[in-house]
Structure formats: C-alpha cells, structure tokens
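User: I have a structure to go through with you. Can we take it a piece at a time?

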Amino acid sequence: MQTALEGQPRSFNALVAAPGFWLGVDCSADAVTGVRFLAAPAPTRAASGAVAALAAEATRQLAAWLADPAVRFDLPLAAGGTDFQRRVWAAIAAIPSGETQSYGAVAAALGSAPRAVGGACGANPLPLIVPCHRVIATSGALGGFARSGGDFLLGVKRWLLQHERRA
C-alpha cells in the first residue's frame, strides 16, 4: 500500500480532501494506478486528455465514497503486483463495506499464512478502492496499515472503519 509522503514531496494527478488526511491519486490514460494517504496536500501535475478525465472521475468517486461509504467504485484499475498479491487483493475487495476479516481468515481462504496476507495488504497500491483497511488482527486490533504501525496511518485506518460502520 502506498503511504504518506516520505522525504521529498511528489506530485499526483489529483488530490482529494478527507477528514484529517488527503488522498493522492495517480492515473495513466487507461487506469488508476495508485492512491496514497497523505498527511498534507501535495502538488498536482498537469494532465490532459484521458489522464485528466480519469483523474477527474477518480476524484468524483473517491469524494462520493467519503460522503457515503456505500458507494461502489467503478474505475479501471492497474494494480500490478504478483499473482499472490492479486489473489489477496481480490479477496479483500470482496469484504463488504462495514465488515472486517482477520488476516488469518483471509489467509485460510487462500491457503496461505497471515503474514503473507499482511505483506500483500501492505503492498496494495490502491487502498480505499481495494479496501485493505477491512483486514484486521484476529484479536480485533487494527494490526498494521500501509506497512506502518505509525499513528498517522493507523488513525486513517481507524477513521475508514468507523466511517463505514456509520453508514
């Protein structure tokens, strides 16, 4: 999963304001390629044609989800990843809004191990759209998020889960 900016700022095709954080969106002409959780706004880069149109649609759908987590995304996605990562991402994409599954439960369904599932969740380039925040520890604790146990990203995960439960 892509995380808050580290080091030098980078630019995005679009930014979406959320309560307490920002979403940086990357697109190609054909697909959304990445979403990052940001602690502060970042620069955007000029885009035209299909990239600009897709960035605008991704912004619209993300903002709609922030207003109502029952909204379903309908965006072309290019996540890349290994075969195993794509299997994990498909499994977590099937977790309904407002519900969670443990890393262990996802692993058992895939014939894998919880740490491997956690690693695939951490590598998810499309968080929120592919809702890895819905995967938690067996104990009910949040577990990690975005390859980080830091306060900012765990706060984002907590907010996302609470937002979905309010719907």
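User: Which residues of H4 are buried?
Analyst: Val117, Ala120, Cys121 and Gly122 are the buried residues of H4. Buried means under 20% relative accessible area, exposed means over 50%, and partly exposed is in between, with a 1.4 Å probe and protein chains only.

User: What are the ground rules for the model and the numbering?
Analyst: This is a predicted model, where local features need pLDDT of at least 70 and side-chain atom pairs count only at pLDDT 80 or more, while totals for chains, interfaces and linings use all residues. Residues are numbered from 1 along each chain as its sequence is written, and side-chain values use heavy atoms, with hydrogens and water left out.

User: Back to H4. What do its buried residues pack against?
Analyst: The buried residues of H4 pack against H2, H3 and S5. Contact here means heavy atoms within 4.5 Å.

User: What is the geometry of H2 against H4?
Analyst: Helix H2 (residues 83-93) packs on helix H4 (residues 114-122) at about 85°, and their axes are 9 Å apart. H2 is therefore roughly perpendicular to H4. Axes are lines fitted to C-alpha atoms, for helices over the stretch in contact, and angles run from 0 to 180 degrees between N-to-C directions. Under 35 degrees counts as roughly parallel, over 145 as roughly antiparallel, 65 to 115 as roughly perpendicular, and the rest as oblique.

User: Which residues make that contact?
Analyst: On the H2 side they are Phe84, Gln85, Val88, Trp89 and Ile92, and on the H4 side Ala116, Val117, Ala120 and Cys121.

User: And H3 with H4, what angle?
Analyst: About 105°, with the axes of H3 and H4 8 Å apart. H3 and H4 are therefore roughly perpendicular to each other. Tyr103, Gly104, Val106 and Ala107 of H3 meet Pro114, Val117, Gly118 and Cys121 of H4.

User: What about Cys27, buried or exposed?
Analyst: Cys27 is buried, at 10% relative accessibility.

User: Which residues touch the most other members in the largest nonpolar core?
Analyst: Leu23, Val32, Ile92, Phe145 and Leu160, out of 46 residues in that core. The largest contribution to this core comes from H1, with seven residues. A nonpolar core is a set of buried Ala, Val, Leu, Ile, Met, Phe, Trp, Tyr and Cys residues joined through side-chain atoms within 4.5 Å.

User: What does Ile92 touch?
Analyst: Not counting residues up to four places away in sequence, Ile92 touches Cys121, Asn124, Val130, Pro131, Cys132 and Val135.

User: Moving on to H5. How many residues has it, and what is its reach?
Analyst: Helix H5 (residues 151-166) has 16 residues and reaches 22 Å from first C-alpha to last, close to the 22 Å expected at 1.5 Å a residue. The expected span is 1.5 Å times one less than the number of residues.

User: Which of its residues are buried, and what do they pack against?
Analyst: The buried residues of H5 are Leu153, Leu154, Val156, Lys157, Trp159, Leu160, Leu161, His163 and Glu164. They pack against strands S2 (21-27), S3 (32-38) and S5 (135-136), and against helices H1 (49-67) and H3 (103-110).

User: How do H1 and H5 cross?
Analyst: At roughly 70°, with their axes coming within 9 Å. H1 is therefore roughly perpendicular to H5. Trp65, Leu66 and Ala67 of H1 meet Trp159, Leu160, His163 and Glu164 of H5.

User: Which residue has a positive phi although it is not a glycine?
Analyst: Leu128, with a phi of about 80°. Leu128 sits in the loop between H4 and S5 and is buried at 2% relative accessibility.

User: Last one. Where is Trp22, and what is its relative accessible area?
Analyst: Trp22 is in strand S2 and is partly exposed, with a relative accessible area of 26%. Trp22 and Leu38 are 16 residues apart in sequence and 4.9 Å apart in space, C-alpha to C-alpha.

Methods: Helices (H or I, at least four residues) and strands (E, at least two) are DSSP runs, numbered from the N terminus.
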